[in-house]
Amino acid sequence: MATLLRGLLRPLCAFQGNPGSSTGKRRGRGKESRGRVPLRAVSHGAGLLYPEHIPTSPLQKLLLAAGSAGMALYDPYRHDMVAVLGETTGHRTLKVLRDQMKRDPEGAQILQERPRISLSTLDMDKLRGLPEGSFGCAYLRFLDVNRVSPDTRAPTRFVDDEELAYVIQRYREIHDMLHTLLGMPTNILGEIVVKWFEAVQTGLPMCILSALFGPIQLSAQSLRLLISELIPWAVENGRRAPCVLNVYYERRWEQPLQALRQELGITEPPLRVEGLV
Amino acid sequence: MAALGSWALWSSCSRGRSRAVLGCRLPGLRSSSPRSPLGARLLSQEKEATETHFGFETVSEEEKGGKVYQVFESVAKKYDVMNDMMSLGIHRVWKDLLLWKMRPFPGTQLLDVAGGTGDIAFRFLNYVQAQHQRKQKKQLRAQQNLSWEEIARKYQNEEDSLGGSRVMVCDINKEMLKIGKQKAHAQGYKAGLAWILGDAEELPFDDDKFDVYTIAFGIRNVTHIDQALREAHRVLKPGGRFLCLEFSQVNNPLVSRLYDVYSFQVIPVLGEVIAGDWKSYQYLVESIRQFPSQEEFKEMIEDAGFQKVTYENLTSGIVAIHSGFKL
């Protein structure tokens with residue numbers, strides 16, 4: 001019993017010498033000394049800005065960025081690594097994007113209302129009942145043909161600002177919408193084209209890196225197609241279109257796909273990229 | 001006794017305060033503020049009885065077992081890869097040193113608790129097999145004039161290459177045992193090996209059964225360490241040996257500083273990049289800090305009834321091997 005007590009009390013004694021604690025009660029002390037204390041003490045309840053938040057030190061962010069970049073190249077199926085790369089490298093760019101959103105009326109509304117796209121928030125029956133040619137119908141067909149679901153997006157964890165965490169979450173969740181608008185499937189070629197579009201649009205370092213290094217795994221023929229036709233088309237559309245984060249997609253389900261494309265200045269793809277199956 | 005009864009009533013009164021006011025029959029106690037010495041002491045007693053640490057978090061004891069189970073369930077597949085990455089392969093040396101210290105001979109019955117993926121068990125089997133082969137070679141060399149019948153009998157009796165040694169791998173986690181069985185199958189270990197699902201605090205074995213009990217990097221995850229130690233004492237034969245390989249307190253201040261930085265900055269990142277699991281590896285490094293020091297653990301082992309308890313630091317105390325005998 002005495003040894004058990006000692007075992008339980010020892011961590012408290014350790015924290016007396018080292019300010020900062022793990023329990024939520026001593027939240028004040030934890031926050032003010034966060035500069036000195038290793039972030040271990042802060043990662044449980046006390047310093048979280050949003051539910052999934054994992055606070056990280058600059059060294060950890062550097063290691064994460066390097067590690068996730070390497071792992072994403074090594075194993076292209078690790079989509080979580082691409083997400084982590086985006087979170088750890090995108091802080092400055094996210095601020096620019098957030099300010100862009102604030103200046104636009106529709107974007108500001110999105111920032112305020114914080115809509116989320118997942119199977120629970122989408123009204124699937126309503127979407128299915130929409131007329132042929134509408135944006136909602138096209139989106140649903142995209143999800144069916146490529147057998148993807150809006151629920152596979154990992155939540156943001158390593159962004160140390162709650163609003164920016166929402167911005168990057170929103171960017172991830174509209175990724176499928178961009179696929180629909182650009183008419184690209186979810187195979188490697190399609191993904192790279194969408195990444196080029198996103199890189200020009202958002203300027204996120206992760207998009208730029210994926211756009212530059214993604215084509216490494218492609219065959220020579222696909223690479224030729226990519227460089228000669230698809231990339232110029234994606235870049236041109238990316239430059240011409242207004243910020244895609246400013247579009248409130250959830251209010252545009254009934255809008256015809258062509259009309260939405262025209263509004264954003266997106267033209268038809270130069271050649272048809274075959275989808276899965 | 002009366003104090004205990006009134007404590008129970010006081011605690012139930014305080015908990016039921018938010019619900020409808022049931023007649024709390026001891027107005028004296030109800031009105032006493034928690035700052036009174038009696039109240040404060042009772043509060044802290046209640047807290048110690050049901051709460052424990054999970055890394056740097058505080059959880060109830062019932063929760064801890066489940067949470068630890070989830071951690072190991074999720075890390076099982078990448079467990080060995082991560083061990084190599086995090087310790088830069090040094091964990092293999094530590095485990096070899098544990099076997100070296102054990103010096104089993106053919107015929108030893110080993111119980112490896114929290115043995116999950118089988119690292120200690122496989123090393124044990126290799127060791128006793130090598131020992132047995134060496135013994136047999138020595139025997140053959142000593143006997144130069146064997147008759148035909150004796151030689152034939154020697155070849156026929158070659159079934160038991162382990163000389164009677166057996167190892168039971170016991171683990172509370174099904175995923176870890178699954179990985180261990182797959183490894184055994186892949187590496188060709190069949191004889192003398194058994195896989196048991198069991199809780200270190202309540203081992204499914206009779207008293208006085210094993211010659212050696214080992215627990216490598218497992219005891220810090222047990223909710224009631226003293227209970228596990230008592231169980232170890234129970235299942236060992238008189239003369240049996242208890243061996244524990246576990247992370248411990250570093251004794252060198254420079255190494256300690258580097259080790260801290262490495263543990264908290266690098267290891268969770270490795271966990272996220274390689275295994276896609278930050279939180280489990282955060283728990284790992286925190287649970288290491290929560291484990292008692294070498295001396296304290298030695299006292300705990302002595303409390304459980306072991307004698308001649310010693311410990312040996314490896315790598316400046318990052319890891320320690322504690323050893324005790326049931327006499």
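These notebook entries record what I looked up in chain B of a predicted model.

**Entry 1. Conventions.** I noted that the model is predicted, that local features need pLDDT of at least 70 and side-chain atom pairs pLDDT 80 or more, while totals for chains, interfaces and linings use all residues; side-chain values use heavy atoms, without hydrogens and water. Residues are numbered from 1 along each chain as its sequence is written, and chains are lettered from A and ligands numbered from 1 in the order in which they are written.

**Entry 2. The sheet.** I looked up the strand order of chain B: 7 strands form an open sheet, 5-4-3-6-7-9-8, with mixed pairing. Strands here are DSSP runs (E, at least two residues), as helices are (H or I, at least four), numbered from the N terminus; two strands pair if DSSP finds at least two bridges between them. Strand 5 (193-197) and strand 8 (307-314) of chain B each have a single partner strand, so they are the edges and one side of each lacks a neighbour in the sheet. The twist averages 15° from one strand to the next.

**Entry 3. Strand 6.** Strand 6 of chain B pairs in the parallel sense with strand 3 (residues 109-113) of chain B over 4 bridges, and B:Val113 stands opposite B:Ile215. With strand 7 (residues 236-247) of chain B, strand 6 of chain B also pairs in the parallel sense, over 6 bridges; there B:Val212 has B:Arg241 as its bridge partner.

**Entry 4. Strand 7 onward.** I found strand 7 of chain B paired in the antiparallel sense with strand 9 (residues 319-325) of chain B over 7 bridges. B:Arg241 has B:Phe325 as its bridge partner in strand 9 of chain B.

**Entry 5. Two helices.** I looked up helix 10 (residues 225-235) and helix 13 (residues 294-303) of chain B, which pack at about 50° with axes 9 Å apart. Axes are lines fitted to C-alpha atoms, for helices over the stretch in contact, and angles run from 0 to 180 degrees between N-to-C directions. Contact, meaning heavy atoms within 4.5 Å, involves B:Ile225, B:Asp226 and B:Leu229 of helix 10 and B:Phe297, B:Met300 and B:Ile301 of helix 13 of chain B.
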